[in-house]
Amino acid sequence: MHVSIVVPTYREALNIPELTKRIDAAMRPTGHTFDLWLMDDPSNDGVEKVVRDLGYSWVHLVTRTPPRGLGFAVLEGLRKAPGDILVVMDADLSHPPERIPDLVSAAERPENDLVIGSRYAPGGTIAGDWSLLRHINSRAATLLARLFTWVKDPMSGFLAMRKDILDRAAGDLDPIGYKIGLELIVKCRCRRVAEVPIHFSDRQLGKSKMGLKEQIRYVVHVRRLARWKYGELARFAEFGIVGLTGVFVNLLVVTLVSEQMSRMGFAASARLNTAITLAVFASMTTNFFLNRMATFSDKATKSLGRAYLTFVAVCLIGGVVNWWTTKRLATEWHEITLGLQIAALCGVAAGMLFNYAGARMFVFRTKRT
Ligand code: GDD
Ligand code: MN
């Protein structure tokens with residue numbers, strides 16, 4: 001079996017000598033033939049000379065052309081590399097090259113679709129000085145990944161797989177996915193994912209490129225994967241999340257307006273009528289914009305004004321559906337404990353389903369072609 005190791009690089013020239021030396025030392029005893037693909041986004045850091053001076057015939061430096069980015073670099077490398085087994089790892093030596101042979105032999109086993117070099121599998125460790133924030137970030141990101149997989153370290157960038165598994169996803173792979181492991185698990189429909197414990201070191205030289213921008217990109221990535229995997233259900237879930245934000249807007253407005261009006265000496269009934277009406281319209285409005293920007297961003301075809309008015313109409317009818325359902329069920333269940341509350345929940349569900357269907361059909365329609 002021929003093993004190709006794909007390494008995305010951006011300003012990693014300083015790490016290349018040790019990386020290649022350690023890969024060489026780790027791979028030689030295995031008897032596998034191997035090569036390395038440094039997928040460099042033009043770094044102007046002298047990496048060309050570093051690679052030339054090393055004189056390894058198995059090291060290939062690919063100086064990329066735009067679009068730049070980690071995801072693009074990895075995907076291009078995976079497609080270019082000739083190996084029967086493909087390995088992806090970072091250049092900064094946080095992924096120990098000594099573990100490559102273990103990842104490779106796990107990937108060779110036909111029952112494994114994907115192998116992850118895992119920080120969180122039993123025996124895996126992380127170099128000590130992670131800040132609390134970095135821990136929280138890593139954990140939160142892993143939690144989001146639970147939508148797709150139960151592997152312990154879905155965020156890892158240290159992976160191995162057989163080429164035929166990659167071919168399953170064909171053109172579906174999306175390079176926004178700098179969490180390339182997660183992208184592969186979902187799009188290549190990996191059932192069996194093996195985790196090989198690794199010690200994750202701090203990067204040795206140079207600096208990390210992961211910041212807030214990458215975290216936002218990750219959320220966008222998760223959303224795209226959810227749409228890809230769960231389709232309409234994922235869209236409905238997004239609609240639900242928007243609805244929850246609307247609940248907060250509603251509570252905020254109802255409180256502020258009612259307090260302000262009572263300070264101004266309005267009578268209770270006028271105060272309530274105004275506060276509730278404003279709160280309902282405020283939350284409908286924020287819901288509308290969030291849905292237009294997110295849930296139905298691909299379907300914002302109507303003019304803003306017409307879409308808004310249709311949305312309000314749908315929501316008002318949805319409110320009536322909620323009211324009517326709740327009343328019917330509550331009457332029926334009047335002897336059951338919490339009957340009213342359960343009825344109200346059913347009313348919310350019915351109203352929400354109605355709103356979703358209405359928004360989908362009348363507000364955010366795809367233009368007929
Ligand atoms: N070609 C290219 N283009 N390579 C890039 C780019 C880019 O825009 N940005 C980063 N890289 C390369 C780096 O040179 C390095 O080899 C690797 O991608 C990881 O980048 P780091 O900057 O070291 O990121 P990190 O340590 O915060 O995150 C890594 O580890 C995480 C935990 O295992 C990544 O591998 C993440 O995917 C992984 O989740
Ligand atoms: Mn790193």
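A polar contact is a pair of N or O atoms within 3.5 Å; within protein, one atom must be able to donate a hydrogen and the other to accept it, and residues adjacent in sequence count only if both atoms are side-chain atoms. This is a predicted model, in which local features need pLDDT of at least 70 and side-chain atom pairs count only at pLDDT 80 or more, while totals for chains, interfaces and linings use all residues. Residues are numbered from 1 along each chain as its sequence is written, chains are lettered from A and ligands numbered from 1 in the order in which they are written, and side-chain values use heavy atoms, with hydrogens and water left out.

**H32 and its surroundings**

A polar contact of 3.5 Å joins the side chain of H32 to that of E108. A polar atom of the H32 side chain also lies 3.1 Å from the backbone oxygen of M1. H32 sits in the loop between α1 (16–27) and β2 (33–40); helices (H or I, at least four residues) and strands (E, at least two) are DSSP runs, numbered from the N terminus. With a relative accessible area of 19%, H32 is buried, where buried means under 20% relative accessible area, exposed over 50%, and partly exposed in between (1.4 Å probe, protein chains only). Not counting residues up to four places away in sequence, H32 touches M1, V3, M27, V104 and E108, contact being heavy atoms within 4.5 Å.

**Salt bridges**

A search of the whole structure finds 19 salt bridges. The term stands for a side-chain nitrogen of Lys or Arg within 4 Å of a carboxyl oxygen of Asp or Glu. Some of them are listed here.

| Pair | N to O distance |
|---|---|
| R22 and E98 | 2.9 Å |
| R64 and D41 | 2.8 Å |
| R119 and D153 | 2.8 Å |
| R227 and E238 | 3.4 Å |

What parts of the chain does the salt bridge of R22 with E98 tie together? R22 lies in helix α1 and E98 in the loop between β4 (85–88) and α4 (100–108), so the pair ties together parts that are 76 residues apart in sequence. R22 is partly exposed, at a relative accessible area of 21%, and E98 is partly exposed as well, at 40%.

The R64 and D41 side chains meet at 2.8 Å, N to O. This pair links distant parts of the chain, with R64 in the loop between β3 (59–63) and α3 (70–80) and D41 in the loop between β2 and α2 (47–54), 23 residues apart. R64 is buried, with a relative accessible area of 5%, and D41 counts as buried at 6% relative accessibility.

R119 and D153 form a salt bridge of 2.8 Å, N to O. Here R119 belongs to the loop between β5 (114–118) and β6 (125–126), and D153 to the loop between α5 (132–145) and β7 (159–162); the two are 34 residues apart. Both R119 and D153 are buried. Elsewhere, D41, R64, E76 and K80 are joined into one network by salt bridges that share partners.

All 8 of the 8 residues of helix α7 (residues 180–187) are buried, so the helix is largely enclosed by the rest of the structure. The buried residues include E183 and K187 as well as I180, L182 and L184. After α7 comes R189, whose phi is positive, near 45°.

Y218 is found in helix α8 (residues 212–230) and is buried, with a relative accessible area of 5%. Leaving aside neighbours within four places in sequence, Y218 is in contact with A141, L144, A145, M155, Y178, K179 and L182; L182 is one of the buried residues of α7. Y218 and L316 are 98 residues apart in sequence and 35 Å apart in space, C-alpha to C-alpha.

**The two domains**

The domain assignment, an automatic or database one, gives domain 1 (2–230) and domain 2 (233–363). Their C-alpha centres lie 44 Å apart. Between the domains, 4 residues of domain 1 are in contact with 7 residues of domain 2.

Domain 1 and domain 2 bury about 440 Å² between them, 42% of it on carbon and sulfur atoms. In domain 1, R223, R227 and Y230 lose the most area to domain 2, together 95% of what that side buries. Buried area is the accessible area (1.4 Å probe) that two parts lose on being put together, summed over both.

There are 2 salt bridges between domain 1 and domain 2. The polar contacts between the domains come to 5 residue pairs, both residues at pLDDT 80 or more. On the side of domain 1 that touches domain 2, the residues divide into 2 nonpolar, no polar and 2 charged. In this division Ala, Val, Leu, Ile, Met, Phe, Trp, Tyr, Cys and Pro count as nonpolar, Asp, Glu, Lys and Arg as charged, and the others, Gly among them, as polar.
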